[in-house]
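Subject: Structure for you, with notes

Hello,

Here is the structure I promised to pass on. Please open it first, then read the notes below.

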Amino acid sequence: MNLITSRYFPWVFLVAVAVLPLMFASDYKLFQFTMVVVYAIAVLGLNLLTGYNGQVSLGNGAFYAIGAYVTAIMMDKWDIPYWATIPFSAVICAGVGFLIGLPALRLGGMYLALTTFALAVATPQLLKYKLFDDYTGGVQGIVINKPDAPFGLPLNPDQWLYLFALTVGAILFILATNLVRGRIGRAMRAIRDQPLAAEAMGIDIAMFKTRTFALSAMFTGIAGSLGAITIQFVAPDAFGVPLSLTFFVGMVVGGGASIGGAIMGALFIQFIPNIADEISKAAPGAVYGLILIAFMFLLPGGLASLIRILKRKPA
Amino acid sequence: MLLEVKSLHGAYGESKVLHGLDFVVEEGGVTTLLGANGAGKTTTLRAISGMIRTQGEILFAGRPIQGMATEAIAALGIAHVPDGRGTFMELTVEENLRLGSYTRNDKAGVATDLARMFDLFPRLNERLHQQAGTLSGGEQQMLAIARAMLLRPKLLLLDEPSFGLAPLIVREIFEILGRIVKESGLSILVVEQNASLALAIADRAYLLETGRFVMSGAAEDIRKDETLRRSYLGY
Amino acid sequence: MDGFIHQIVSGIASGGIYASVALALVMIYQATHHVNFAQGEMAMFSTYIALTLIQAGVPYWAAFCITVPVSFVIGALIQRVVMEPLAKAPVLASVGVFIGLLLTFNSVAGWIFTYTLKPFPSPFGEGKPLFGGFVSRHELGSTAVTLVVLLSIWAFFRFTKLGLAMRAAAYNPVSSRLVGVPVNKMLALGWGLAASIGAIAGMMVAPVIFLDPNMMAGVLLYAFAGALLGGITNPLGAVVGGFIVGIIENLGGAYVVGTELKLTTALFIIVVVLTVKPAGLFGKTLVSRV
């Protein structure tokens, strides 16, 4: 029982999730687990922005799209290796996030949600725009190749990709954990809960908000890059409102202001739709919708808060 | 007895504000609750109007009104001019007045009452189509009283009608209130920090300190008793 | 030149739709300070109700007259059951619920009615375009319906006791209760009314863009843009904004950015308004002396 609360737990957990699937999972299952890692990073990006900083975004799918396209274009047009595209994608998305964060500063809660929602609606159209056709491949999108394992490692491409994504994810999760536990995290939460007090304490709200936006965009963009490599394909219609809302659902279900919640949220958005899909094409949406409403009423802190509540009760 | 309040307890969240108040408002005439800032005066009025949760008993014309919705209490005939006057800033003066008679269906009666209000407050008639938010503080207070009177209430609750107004306007408003009481037989429960002002028109007074009554009696007696005034009211 | 005039006429016709949805959004925003992200999906669902009735043999206008009150009830019920308990919840919670409603309506519609595009009849006939070919019958008819709706709503709020009480409840719920206005009922009525307006907008736009569960996504975005452009605190402004956005959308689509970037135009308008003039063109800044 003390295993979960132990400080070594994250490391034990990491080694377990790295090794066990390689030994037992089929290639398709590995693909799914890789996508869980991808989604976990994206949801974590949204958690930082919305959960910790209180800026409600319904358009983070746009950053995911930019990350995916940066990687796809660099691999497709210039033959740059997949791993080398990720820093570019991170920097570009952080930049775009910063720029979008600037006008967002002036938008109080609801307005920001509305604007980012509009961004989500417009994203596929922008990706299809004919002036960028030469790079983006227009409606057709871009097909990219699955990378092989390097250094002659005895792993098939799916296994290698899983480990690669997991490594990137682990780095980002450690980064985020340290961030939210420290001074910056306290400032982010103070801005969310007590903006006036935060300002009085000398916190530069504008700077924190725009940088959080950049950070969130960077995480989400990296997720997009990894997602593109995993799926080996990018096309505009995959990056519309449903994608952004999927991240939103993942955030709410996992728990907004929680690092571990991002993992639970990612598991939810990866596996629940697959299960629901067997009932009807419309079922995943209905499940998302009803779950969202139910969580807002019953468990606004997400699954992470449920675990916190259960932990507090002596067994 | 128009209003009977028995061992009223009230709280905002965790902090208790009222600690068992007992008081009555008789039919006709003015009752005043005096006390300093934070004594619980506004809370008492809010409790009567069902705006906060309370414990104890509140009887209006013998009928328990506790737990009823604010709008239902208003419909029974309790008009409430809240602190800050409750002006509908975005609406015109006329619309503010029309809202005052929302619970009524007697058009002729409303028209008579409206004409009477214009007699008492001619300035409202002049500004009928102006946005209420553009009125001065004194005009807004007049509008608030007129709006409340259009409900044709049996009991009028007034929360600090003098607050933030110039002495001259305050005197005008209190004089008009006095006239309303005399001619209509209405009961008023007025809450005031300005004790001398309230005692001048009141029949009965209660003095509130941190949620408890420390003194009560006929307004005239308190007005005359210099020691009482000095020690409790500070004037 | 002819083409230009035709674009303007079409712009006014679609602008009327955006103006209606923008008005619905503003009504709810004024009362609750919430932006109803599900407004479009609710309208879409209402349109499916109308189509179902029509396909069952109900005459068009009868179906219209049934759909509007049914939508009213759905809207009022949503307010009572889902929104009222969350009235004081933080932004994230209300956005979450709205998105939940959006997803639910969208997928329930897809479940029942499938995701295929369906033609929706116009009550104004196919016929030849009127006035020298500048305006189609449906454009003329739907614009007329929209204007009638907007005018009736305006008259309702301006001249009736109930309309006044609804406005009062939106502006100042505390004072409203004190004069005896049942505020929660007014909010439910407002939701019902907004849903009815949305339903009419849906039925008017469906013959043009065909009916499918995602039909209203674009319309909602233009309505957002219109509401913000006109001023989200000003119903009349939102209506004017809706018409302006309709015209901009059509002219822009025809002459500037091309049809592929129409939605992006809406995003652009939203961002520009919110950063340059957040109160909108006609947003009132109240002068108050207290």
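B:Arg46 counts as partly exposed because its relative accessibility is 24%; the class runs between buried (under 20% relative accessible area) and exposed (over 50%), using a 1.4 Å probe and protein chains only. B:Asp83 falls into the partly exposed class because its relative accessibility is 37%. These two residues, B:Arg46 and B:Asp83, form a salt bridge, with the closest N and O atoms 3.3 Å apart. The pair links distant parts of the chain, 37 residues apart. B:Arg46 sits in helix α1 (residues 41-48) of chain B. B:Asp83 sits in the loop between β6 (78-81) and α3 (93-100) of chain B.

A word on the model and the terms. This is a predicted model, in which local features need pLDDT of at least 70, side-chain atom pairs count only at pLDDT 80 or more, and totals for chains, interfaces and linings use all residues. Residues are numbered from 1 along each chain as its sequence is written, chains are lettered from A and ligands numbered from 1 in the order in which they are written, and side-chain values use heavy atoms, with hydrogens and water left out. A salt bridge is a side-chain nitrogen of Lys or Arg within 4 Å of a carboxyl oxygen of Asp or Glu. Helices (H or I, at least four residues) and strands (E, at least two) are DSSP runs, numbered from the N terminus.

Over all chains, the structure holds 18 salt bridges. One of them joins B:Lys224 to B:Glu220, at 3.0 Å from N to O. Both residues lie in helix α9 (residues 219-224) of chain B, four residues apart, about one turn of the helix. B:Lys224 is exposed, at 63% relative accessibility. B:Glu220 is partly exposed, at 42%. Elsewhere, salt bridges with shared partners join B:Arg104, B:Asp106, B:Asp113 and B:Arg152 into one network.

Now the interface of chain B and chain C. The contact (heavy atoms within 4.5 Å) takes 32 residues from chain B and 26 residues from chain C. Together the two chains bury about 2,400 Å², 62% of it on carbon and sulfur atoms. That buried area is the accessible area (1.4 Å probe) lost on putting two parts together, summed over both. In chain B, the residues that lose the most area to chain C are B:Glu71, B:Phe88 and B:Tyr102, together 27% of what that side buries.

Two salt bridges cross this interface. B:Glu95 pairs with C:Arg167 in a salt bridge, the closest N and O atoms being 2.7 Å apart. B:Glu71 forms a salt bridge with C:Arg177, at 3.7 Å between the closest N and O atoms. B:Glu71 lies in helix α2 (residues 70-76) of chain B and C:Arg177 in helix α7 (residues 173-178) of chain C, so this pair joins two chains. B:Glu71 is buried, at 16% relative accessibility. C:Arg177 is partly exposed, at 25%.

One last residue. B:Glu139 is found in helix α6 of chain B. B:Glu139 is buried, at 5% relative accessibility. Leaving aside neighbours within four places in sequence, B:Glu139 is in contact with B:Arg123, B:Leu124 and B:Arg127.

Best wishes
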